[in-house]
Amino acid sequence: MAVQKKVVGLPLITTIITDTTSNTVVETAASSAPVLFFVEVTNPNSVPVYTKIFNTSGVGNSNSATTTQHIIMLYCPANTSCYTYIPKGLSLSTGLQLYSSTSTGIGASQVNPTSDVKVVLGLNLA
């Protein structure tokens with residue numbers, strides 16, 4: 001499933017992106033240079049998941065996990081919701097892509113979660 005975009009009028013966060021089916025399919029959340037303020041990951045699986053966020057530069061869309069090194073890898077234990085807040089924001093130079101896996105690292109060793117992971121991103125796209 002593609003990501004869903006909701007425009008909001010908060011002072012710092014202009015857009016909330018939701019991916020309700022995050023797995024090893026790389027999704028583009030922003031195609032221009034965003035500032036990331038928060039990430040919420042909901043993991044319904046019986047094993048931990050790792051959500052990986054990276055710049056879109058040179059990656060493009062893919063049907064499987066990328067070999068591009070992520071900027072952030074968020075660990076979320078089994079059957080929990082995890083939250084990461086970045087008070088001053090993290091600027092990504094060219095855009096933002098993400099995927100979720102039950103494996104650390106990058107590349108072909110990535111394993112799809114049994115159940116889809118929900119990822120919510122708070123961005124400033126101004």
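Let us begin with Ser 22, which is found in strand β2, residues 15-22. Strands here are DSSP runs of E, at least two residues long, and helices are runs of H or I of at least four residues, numbered from the N terminus. Ser 22 counts as buried because its relative accessibility is 1%; buried means under 20% relative accessible area, exposed over 50%, and partly exposed in between, with a 1.4 Å probe and protein chains only. The side chain of Ser 22 makes a polar contact of 2.7 Å with the side chain of Ser 100. A polar contact is a pair of N or O atoms within 3.5 Å; within protein, one must be able to donate a hydrogen and the other to accept it, and residues adjacent in sequence count only if both atoms are side-chain atoms. Leaving aside neighbours within four places in sequence, Ser 22 is also in contact, meaning heavy atoms within 4.5 Å, with residues including Leu 98, Tyr 99, Pro 113 and Val 119.

A word on the source. This is a predicted model, in which local features need pLDDT of at least 70 and side-chain atom pairs count only at pLDDT 80 or more, while totals for chains, interfaces and linings use all residues. Residues are numbered from 1 along each chain as its sequence is written, and side-chain values use heavy atoms, with hydrogens and water left out.

The predictor's confidence in each residue, pLDDT, runs from 0 to 100. Its mean over the protein chain is 87, and 88% of the residues reach 70 or more.

Turning to the overall fold, the protein chain has zero helices and nine strands. Of its 126 residues, 46% count as buried. Among contacts between residues at least 6 apart in sequence, 78% join residues at least 24 apart.

What lies inside? A nonpolar core is a set of buried Ala, Val, Leu, Ile, Met, Phe, Trp, Tyr and Cys residues joined through side-chain atoms within 4.5 Å. The largest such core has 20 residues, of which Leu 36, Val 39, Val 41, Ile 53, Leu 96 and Leu 121 touch the most other members. Strands β3, β4, β5, β6, β7, β8 and β9 each supply at least two residues of this core, and the largest share, four residues, comes from β9. A second, separate core of five residues includes Val 8, Ile 13, Phe 37 and Phe 38. Returning to Ile 53, its contacts beyond four places in sequence include Leu 36, Val 39, Leu 96 and Leu 121.

How many disulfides does the structure hold? There is one, a disulfide being a pair of cysteine sulfur atoms within 2.5 Å. It joins Cys 76 to Cys 82, with 2.4 Å from S to S. The link of Cys 76 and Cys 82 is right-handed, with 90° about the S-S bond. Cys 76 is buried because its relative accessible area is 1%. Cys 82, in strand β7, also counts as buried, at 16% relative accessibility. The C-alpha atoms of Cys 82 and Val 39 are separated by 8.2 Å, although these residues are 43 apart along the chain.

Finally, Asn 79 lies in the loop between β6 and β7. Its phi is near 55°, a positive value in a residue other than glycine. Asn 79 is exposed, so classed because its relative accessible area is 54%.
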